[in-house]
Amino acid sequence: MSGPRWKKGKDGKDFAALAAANPMSSIVAELHSSLKRSNLVATLSRQGGDAVLGVNPQQATLLYRAAFGQAVDNAGAEEQWFQLGAEEVFYLCHALKCISVSKSQNIKKQMREGELWDHLCSASESFPEMYKAYSHLRLKNWVVRSGLQYGTDFVAYRHHPALVHSEFAVVVVPEGAEFGGRCGRRLKVWSDLLCALRASGSVAKTLLVLTVSSSSVCELRSLDCLDQMVVHERTITRWIAQQCREQRREQRGREEANKEEQGHTTETVVFNYWGLVLGFTVLSSLLVYKLRF
């Protein structure tokens, strides 16, 4: 793993210093405080688990900086709209507890968290493990976006995507009888793993496999099961023998060059020392000779 690849500004300097001065945890905390004070309600879409949230310009800026959702193009100046994915909606509602959710704009009754969980699980069978993986990374202050264009479930950024390239291509693998037929589908054979490695490597990303399992038997449609899920992280990289040999050869060459340089320096020091001794000896002899005559 080579580490983050920071993007650069017009001055040629990367954005690492800017990201360090504005940590993602502080941005999310500011967003949480602003949304919670406003008592905002997101509206679920008619199909799927996406939702739309109306915010003021300041909150829109915070949502963008925290990398939540996508701004709707036809939003007005006073009130701006953001489209949130299913994982983002439930994270803001359940984990951060800073928004509420309703099924329709005409229905003012807000959904309970358990009701929203059941709705999102009905919309997508794989939502329980996907949300658990999403929240696992988000709680560690990683920015998590869809990895559809890379053939993975998510991609993880160290900071905002405008400042840094994504570092990990994330694949979520459920394990356990609770997940039914979904268990064992992902990366089941060697060819699947090799394809995922090739795809992630070609776009300079490290493959991160998140295995989601349950510590005890539970019903996934129940929100209580979320606390019993456990996430295991595994990073997988390709070992290329040729590159390994070349790197060792280059390292051996550098070590030999350093030894030769050190030997040359030692010889130079020794030569200079004996030259100095010889010079003093000759000078002393000349002085003695002059004193005698």
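## Core and packing in a predicted model

User: In this predicted model, which residues have the most contacts inside the largest nonpolar core?

Analyst: The largest nonpolar core has 62 residues. Those with the most contacts inside it are Phe-68, Phe-90 and Leu-116.

User: How do H4 and H5 run, roughly parallel or roughly antiparallel?

Analyst: Start with the axes: helix H4 (residues 86-95) and helix H5 (residues 113-123) come within 11 Å and cross at roughly 170°. Angles over 145 degrees count as roughly antiparallel. So H4 against H5 is roughly antiparallel.

User: And how many nonpolar residues does the contact of H4 with H5 have?

Analyst: On the H4 side you've got Ala-86, Val-89, Phe-90, Cys-93 and His-94, meeting Glu-113, Leu-116, Trp-117 and Leu-120 in H5. By class, one residue in this contact is polar and one is charged. The nonpolar count is seven.

User: What is the bridge partner of Leu-53 in E4?

Analyst: Strand E2 (residues 51-55) pairs with strand E4 (residues 80-84) in the antiparallel sense, over five bridges. Leu-53's bridge partner in E4 is Phe-82.

Note on methods: Residues numbered from 1 in each chain as written. Predicted model: local features only at pLDDT ≥ 70, side-chain atom pairs only at ≥ 80, totals over all residues. Heavy atoms only, no water. Axes fitted to C-alpha atoms, helices over the stretch in contact; angles between N-to-C directions. Helix = DSSP H or I, 4+ residues; strand = E, 2+ residues; numbered from the N terminus. Parallel < 35°, antiparallel > 145°, perpendicular 65-115°, else oblique. Contact = heavy atoms within 4.5 Å. Nonpolar A, V, L, I, M, F, W, Y, C, P; charged D, E, K, R; others polar. Pairing = 2+ DSSP bridges. Core = buried A, V, L, I, M, F, W, Y, C linked by side-chain atoms within 4.5 Å. Buried < 20%, exposed > 50% of the residue type's maximum accessible area, 1.4 Å probe, protein only.
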